[in-house]
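User: Please take a close look at the sheet in this model. I would like its strands, their pairing and the packing around them in one connected answer.

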Amino acid sequence: MVENISADRLREQKDDFVIIDVREPDEIPNRSIEGSINIPLGLAIRNVRQGKLDHLKGRKIVCHCSAGYRGNIAAEELCKCGFQAANLEGGFEAWKKLNNTG
């Protein structure tokens with residue numbers, strides 16, 4: 001089971017994480033967590049399996065989508081491949097609510 005982290009914790013420790021936004025590009029215009037990397041879920045899974053994200057091994061990663069489902073899938077896949085990954089509980093919606101953005 002993948003660890004979930006709260007939007008509060010992410011905000012407090014944001015600089016400690018690589019944030020991967022697994023939403024599709026049309027979901028994010030002007031609505032993203034500053035500093036996040038957008039890699040849609042399908043591409044993220046392929047990149048992990050092909051070793052294209054190996055440069056992130058050893059770093060703490062948080063995955064997120066809109067509400068948490070796809071972020072959890074991405075985090076699970078990363079963990080299976082030896083990454084230290086968590087899911088943002090409640091996804092971007094939780095982040096937006098906490099930070100009054102978007």
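Analyst: What follows goes through the sheet, then its central strands, then the cores.

This is a predicted model, in which local features need pLDDT of at least 70 and side-chain atom pairs count only at pLDDT 80 or more, while totals for chains, interfaces and linings use all residues. Residues are numbered from 1 along each chain as its sequence is written, and side-chain values use heavy atoms, with hydrogens and water left out.

Five strands form an open sheet in the order β1-β5-β4-β2-β3, with parallel pairing. Strands (E, at least two residues) and helices (H or I, at least four) are DSSP runs numbered from the N terminus, and two strands pair if DSSP finds at least two bridges between them. At the edges are β1 (3-5) and β3 (37-38), each of which pairs on one side only.

Strand β2 pairs in the parallel sense with β4 over five bridges and with β3 over two bridges. D21 stands opposite H64 in β4 and opposite N38 in β3. Five of the five residues of β2 are buried, so the strand is largely enclosed by the rest of the structure; buried means under 20% relative accessible area, exposed over 50% and partly exposed in between, with a 1.4 Å probe and protein chains only. In a regular strand the side chains alternate between the two faces of the sheet. Both faces of β2 are covered, with F17, I19 and D21 buried on one side and V18 and I20 buried on the other.

Strand β4 (residues 60-64) also pairs with β5 (residues 84-88), in the parallel sense and over four bridges. The bridge partner of K60 in β5 is Q84. Helix α3 (residues 69-80) packs on the sheet and touches β1, β4 and β5, its direction making about 170° with that of β5. Contact means heavy atoms within 4.5 Å; axes are lines fitted to C-alpha atoms, for helices over the stretch in contact, and angles run from 0 to 180 degrees between N-to-C directions.

The largest nonpolar core has 19 residues, and those with the most contacts inside it are I20, V22, L56, I61, C63, L78 and F83. Such a core is a set of buried Ala, Val, Leu, Ile, Met, Phe, Trp, Tyr and Cys residues joined through side-chain atoms within 4.5 Å. The largest share, four residues, is that of α2. Leaving aside neighbours within four places in sequence, C63 is in contact with I20, G71, A74, A75, L78, A86, N87 and L88.
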